Amino acid sequence: MALHHPYRQLPVPSDAPFELKPSSGKGWGAFATRRIERGALILSEEPLFTIRKPHAEITEEDVVRAFQQLPASRKPLFFLLRDNASGNFRRAEHAFAENSFNMAGEDHGGRQRDGPRGLFLLHSRFNHSCVPNTKIPTSNREISHVQSFAIRDILPGEEITFSYESDFGCMTREERHRQLRFPCRCDVCQAGTTFQQLSDMRRRLVRGLQYLQIGKDLDGRKQEASDRPLITDIQLKRAAETGSIPLSSRLIYGVLVMVLTEQEGLLDDFLAERLSPSIRAAAAMFRTESNARLAKLAMAQETWLERLCVAFRLYGRADAADAALAEALRGLV
């Protein structure tokens, strides 16, 4: 039956390093046909069509209208889509919702804007993992293509996966599964295992450390009393929300996030490129000479763990730059 599945007719580029085939418990997926080196482009794909409206505003009529504007040769591709790789979709808007990607860029805070969405036939076949081997990087501007890159070496026969939500790196298994509409069975979602428990601890800690640095949670809000607390120390929470965390702590928190993310297998080149500048900027801000020497020494180390070990020597130290930094941060709130 799989030999005659409609997905066999999807136009996979001849030079693509993957093939589409059934994936146990996941419907269909993409599997590497050769070794894919870390950093390699896996697929660059144009949308079948785009609807220039936020996701929540897209209607059945919008999808039908966009479909009707396709060239006659492209229209049959839309009918190859299947609901969970099996039955036909009952409505065009459901097919679009399950196979579309946000094409809007990020705002200045690094949050994804809610903008135009495109229907992607092939990238929609890539399954989810909370420890993926592939990433679709975001941009600060609207995109015309979706591109995926290997974030580690992928072996022949290995399934190609990416994370459906960028914030999952800061969420526990329970929190991730509340957002997913299916049970994820990746390594960090095997309930009750030591690996899963350590993963939950690391991801929760990363979320808390980020709160201490920016004074806000993933959704951009301050933690309310009714929420499950990220920061239980009231004074520390207030310091984070008023920009009063000292520079020494900020540097340590930033480097510790990198170490924990690396231990989770999530520190890809794109994330490192995004987070590293703020850490290096913090290290360059010290005005007390002894602190500045330590910060410089920390950043001269080869690995993030080695940098953390040196940076910890700054813990609890005040710096001449603390007051000016806090004033500048309060002006941004």
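This is a predicted model: local features need pLDDT of at least 70, side-chain atom pairs count only at pLDDT 80 or more; totals for chains, interfaces and linings use all residues.
Numbering runs from 1 along each chain as its sequence is written, and side-chain values use heavy atoms, with hydrogens and water left out.

Now strand S9. Strands are DSSP runs of E, at least two residues, and helices are runs of H or I, at least four, numbered from the N terminus. Pairing takes at least two DSSP bridges between two strands. S3, residues 41-45, runs antiparallel to S9, with 4 bridges joining them. S8, residues 134-135, also pairs with S9 in the antiparallel sense, over 2 bridges. There, Thr-134 stands opposite Ala-150.

Why is S9 called largely enclosed by the rest of the structure? Because 4 of its 5 residues, in the range 146-150, are buried. Buried means under 20% relative accessible area, exposed over 50%, partly exposed in between, with a 1.4 Å probe and protein chains only.

Next, the whole chain. The protein chain holds 11 helices and 10 strands. Its C-alpha atoms fill a box of roughly 70 × 40 × 35 Å along the principal axes. Of its 333 residues, 47% count as buried.

On to contacts, meaning heavy atoms within 4.5 Å. Take those between residues at least 6 apart in sequence: 64% join residues at least 24 apart.

Last, the surface. The chain exposes about 18000 Å² (Shrake-Rupley method, 1.4 Å probe). Carbon and sulfur atoms supply 51% of that.
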